[in-house]
Amino acid sequence: MMKKLAVIGDPVGHSLSPQIHMTWIDGMRLNASYESIRVPTGEAAEALEEFARKKYIGLNVTLPHKQAVLASVTDTSPAVRAIGAANTLKRKTDGSWSAFNTDAPGLMDALSRVGMKSVAGKTVLLLGAGGAARAALYALDEAGADIIVLNRTVEKAGSVIASCCQRDHRFGPIDDLALHAAKADFVINSTSMGHGGEHFVLPDGDGRLFLELSYGVPAAPQLQHARSQGWNAEDGLGMLVCQAAESFRIWFGGDLPDVEVALEACRETLKITG
C-alpha cells in the first residue's frame, strides 16, 4: 500500500517540501507520495483526524499550525516541549499522532555542512527571538554554544532563552549588533529583515560565518551585504533540506537521505521561479 505524506499550512503552495521529499522518494523507488495541502487557520484538529482516517503516515507542519497541532497529539519529543512547536508528525498504529521538531537537528546538520562541525564553546550571535530563533536556541544551547540573543523587544529575548535553554545566555537590544558581531564566532539571522529589501549593517566579517535562515529573494539583500563585508554568508536552504531529511528518517527509518541531491533540485527551482 502506498505510504501517504503531506505538508500542511496556510498558505502552503509555495512550499519546497514536496519537491524535496519526492526527490528522495523517487530516487529510492519508494511506494510513497508527498503533497502540499492547505489547512485553514483554526482547522488543524479536524484535519489531523481526517489525515489519520485516510491513513497518512506522516505530516510536515508549517505556519500557522506549528503550535496548534500540539493540542491534538498524544506524545511530544523533548525538542517540541522546549521549543513549543512541532514541524513533523508521525501517525501511530492506533491512529494518534506523535510530534517532533526537526528544525533543531536540521540547523546543526546545516552548520556542519558549511564547516561548523562543533559549536561547543563558540560565541554565537543570534538575531531575533521568534519561532525560528527558538529552535536555534534549543539546538545551540544543547550543543554547548555561548549565545547572545539580540531583539527589538529585549524582554522577549530574555524570555525565549529562559524557555528554550538549560543554561544562561546573554541578550540585549538589536542596536547592539555591531558591537557583538565584531566579536562573535558566527552570526545567525532569524529575523525577516530582508523581506522588505532592507538589511542589518554588519562590521567586517574576516571570513566568519553569517547564516541567514531565509532563502531566495527575501535573503538576497542581507546575503549580498554580508558578503561585501567579508562574511562567509550562507542562506537557509541548507537548513530547510537538512530538517526535511530528519523528518524523512522519522517516517522511513534508516540513514539520512542525500541532502545534496535535494538541495541542488531546490536551487534549480528557485532559479526558475526567481
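This is a predicted model: local features need pLDDT of at least 70, side-chain atom pairs count only at pLDDT 80 or more; totals for chains, interfaces and linings use all residues.
Residues are numbered from 1 along each chain as its sequence is written, and side-chain values use heavy atoms, with hydrogens and water left out.

Let's start with the open sheet. Six strands make it up, in the order β2-β1-β3-β5-β6-β4, with mixed pairing. At its edges sit β2 (32-38) and β4 (75-76), each pairing on one side only. Strands here are DSSP runs of E, at least two residues, and helices are runs of H or I, at least four, numbered from the N terminus; two strands pair if DSSP finds at least two bridges between them.

Inside that sheet, β3 (residues 56-61) and β5 (residues 88-91) run antiparallel, joined by three bridges. Asn60 is opposite Thr88 of β5.

Helix α1 (residues 17-27) lies across β1 (3-9), β2 and β3, at about 175° to β2. That angle is between N-to-C directions, on a scale from 0 to 180 degrees, with axes fitted to C-alpha atoms, for helices over the stretch in contact, meaning heavy atoms within 4.5 Å.

Now, which strands pair with β10 in the parallel sense? β7 (residues 123-127) does, over four bridges, and so does β11 (residues 209-212), also over four bridges. Asn189 in β10 is the bridge partner of Leu127, while Phe186 stands opposite Leu209 in β11.

And the side chains of β10 (residues 186-189)? Phe186 and Ile188 point one way, Val187 and Asn189 the other, and all are buried, that is, under 20% relative accessible area with a 1.4 Å probe, protein chains only. In a regular strand, side chains alternate between the two faces of the sheet. Thanks, everyone!

Terms used:
Buried means under 20% relative accessible area, exposed over 50%, partly exposed in between (1.4 Å probe, protein chains only).
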